[in-house]
Amino acid sequence: MASFAPISQSQSLFNKPRAGFILPSRSAAVSHIESSGFVSRTASVQFRVPGYMMFDKMPQRAVVVAATTAEKQKKRYPGEAKGFVEEMRFVAMKLHTREQAKEGEKEVKKPEEQAIPKWEPSVDGYLRFLVDSKLVYDTLEAIVDSAPHSIYAEFKNTGLERSVSLAKDLEWFKEQGYTIPEPSSPGVTYSEYLKELADNDPQAFICHFYNIYFAHSAGGRMIGRKVAEKILDNKELEFYKWEGDLSQILQNVREKLNEVAENWSREEKNHCLEETEKSFKHSGEILRLVLSSEERTMKPLQIIHLALLFYFLSITIPNVRSATLQPQLQLIHGFKPKSTDIQAKAAARSCPYTVIIETSCASTSFTRDQISLAFGDSHGNEVYAKRLDDPKSGTFERCSKDTFKITGPCVEEVCYLYMLRKGSDGWKPGSVKVYGPYIRTVDLDFDVFLPNGVWYGFNLCNSAVVDESLSADM
């Protein structure tokens with residue numbers, strides 16, 4: 001069973017009855033919830049909620065912003081309005097095919113551009129991958145520590161560092177009787193290239209810094225889990241563990257990257273973006289070390305494809321990409337959440353999620369009903385929160401939005417989400433949003449009163465809407 005905590009009290013969608021937006025909340029209480037009971041409000045933090053919230057189904061007020069002639073003529077680059085990290089993401093996505101991502105522009109014309117066939121990893125190959133990866137991370141972290149350019153100092157001790165974790169993993173393999181190889185050509189080549197960029201080309205170096213760390217933080221962990229299932233008896237290496245809230249660590253680094261890039265000229269930003277394909281190529285060369293010797297004879301375009309898959313998995317962080325599911329709501333007769341024992345076993349490899357639930361303005365003024373939530377993937381991984389409701393805190397009041405932090409079993413791709421209401425008050429959710437560092441963001445529109453005593457929701461596990469490219473090459 002998942003454990004979770006609401007990170008905000010219910011927030012009214014209206015400060016004034018006629019307003020179509022709300023001013024950001026300045027602070028909110030953080031509460032820890034056991035999935036079998038109500039909220040226990042024991043701690044608080046201060047945080048800022050950026051921007052205004054606008055909802056299509058609420059009364060709205062039009063806001064007209066005047067722009068000068070010069071501003072109208074200024075060229076806007078894709079993603080620029082959201083910050084430079086979004087620009088880097090957009091450029092990376094253009095290198096995908098349309099089948100891999102909706103923003104993809106690459107056309108598959110040649111056999112070598114096709115997806116890489118299913119492959120089987122080996123321990124020896126995986127060791128080569130870990131050794132070369134450590135060399136690259138050693139290089140990145142040494143460069144940031146020495147800071148030959150002052151902007152690098154912004155990225156010291158971010159929490160994303162991997163060198164120490166990799167050293168522990170290699171020591172574990174050594175204790176198991178394996179011989180640790182020397183770094184090979186892909187890792188050495190990439191390390192030397194990073195050193196050259198660090199001294200002479202800080203913008204290009206930052207591009208590689210971003211792609212290496214962000215890809216590993218999500219896609220890397222997904223691939224690591226697949227490899228562990230096949231050859232390591234599901235052992236989770238230190239390489240795939242982080243101290244603290246990974247999604248918050250990533251957000252902190254994202255903000256620093258955006259702040260640094262604010263001081264760059266447009267030409268410097270474009271130069272950074274131009275390094276994206278080189279980053280994929282070098283990362284792909286190292287990643288393919290996991291493969292068998294026969295499979296390692298890939299063509300350059302296939303290497304880039306492998307690195308793109310690695311990156312594609314990494315862009316599932318919440319404010320980077322979302323998938324809006326548009327199936328039909330349905331009664332889920334006979335559904336039973338995973339048992340506590342199964343949940344506990346799966347939670348040994350737990351992942352964080354954030355769930356945001358908007359209560360419709362057409363709902364009852366408040367509800368005392370029990371509200372349960374379950375979501376999962378097509379592989380049997382499921383997150384189950386037995387109780388989200390808490391009348392004492394005003395959860396699920398009319399025209400409100402509630403946010404919950406949930407920790408539960410790792411799912412690979414959310415393809416179903418159900419809710420259960422038990423009680424006599426009634427409740428009408430407007431929308432439900434689920435995101436986390438290892439899944440694509442999912443937005444679901446309910447906008448109906450939930451029936452009493454029966455699970456109700458969406459199931460796309462057999463639908464083409466669910467992106468199969470996440471696992472097609474593994």
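Visitor: Are Arg288 and Glu285 buried or exposed?

Guide: A residue is called buried under 20% relative accessible area, exposed over 50%, and partly exposed in between (1.4 Å probe, protein chains only). Here Arg288 is buried, and Glu285 is buried as well. Please note that this is a predicted model, in which local features need pLDDT of at least 70 and side-chain atom pairs count only at pLDDT 80 or more, while totals for chains, interfaces and linings use all residues. Residues are numbered from 1 along each chain as its sequence is written, and side-chain values use heavy atoms, with hydrogens and water left out.

Visitor: With which residue does Arg288 form a salt bridge?

Guide: A salt bridge is a side-chain nitrogen of Lys or Arg within 4 Å of a carboxyl oxygen of Asp or Glu. The partner of Arg288 is Glu285, and their closest N and O atoms are 3.1 Å apart. Both of these residues are buried.

Visitor: How many salt bridges does the structure hold?

Guide: The count is 14. One of them joins the side chains of Lys428 and Asp447, at 4.0 Å from N to O.

Visitor: Which residue does Lys134 meet in a salt bridge?

Guide: Its partner is Asp138, with 2.9 Å from N to O between the side chains. Helices (H or I, at least four residues) and strands (E, at least two) are DSSP runs, numbered from the N terminus. Lys134 and Asp138 are 4 residues apart in helix H3, so about one helical turn separates them. Asp138 is partly exposed, its relative accessible area being 29%.

Visitor: In which helix does Asp169 lie?

Guide: Asp169 belongs to helix H4. Its relative accessible area is 3%, so Asp169 is buried. Asp169 and Val131 are 38 residues apart in sequence, yet their C-alpha atoms are 9.9 Å apart in space.

Visitor: In what order do the 5 strands of the open sheet stand?

Guide: Two strands pair if DSSP finds at least two bridges between them. In this sheet the order is S7-S15-S12-S9-S10, with antiparallel pairing. Strand S7 (330–331) and strand S10 (382–385) are at the edges; each has a single partner strand, so one side of each is left without a neighbour in the sheet. Within the sheet, strand S9 (residues 370–376) runs antiparallel to strand S12 (residues 416–422), and 7 bridges join them. Ser372 stands opposite Leu420 in S12.

Visitor: How many residues of strand S13 are buried?

Guide: In strand S13 (residues 429–436), 7 of the 8 residues are buried, and the strand is thus mostly covered. Strand S8 (residues 350–359) pairs with S13 over 6 bridges in the antiparallel sense, and Val355 stands opposite Val434 in S13. Strand S14 (residues 439–445) is also antiparallel to S13, with 5 bridges between them. Among the facing residues, Val432 has Leu444 in S14 as its bridge partner. S13 and S14 are joined by a hairpin through 2 residues.

Visitor: What phi does Asn157 have?

Guide: Most residues other than glycine have a negative phi. Asn157 is not a glycine, yet its phi is positive, at about 50°. Asn157 is found in the loop between helix H3 (123–146) and helix H4 (163–175), and at 68% relative accessibility Asn157 counts as exposed.

Visitor: Where does Asn234 lie?

Guide: Asn234 is in the loop between helix H6 (202–231) and H7. Asn234 likewise has a positive phi, of about 65°, although it is not a glycine. With a relative accessible area of 38%, Asn234 is partly exposed.
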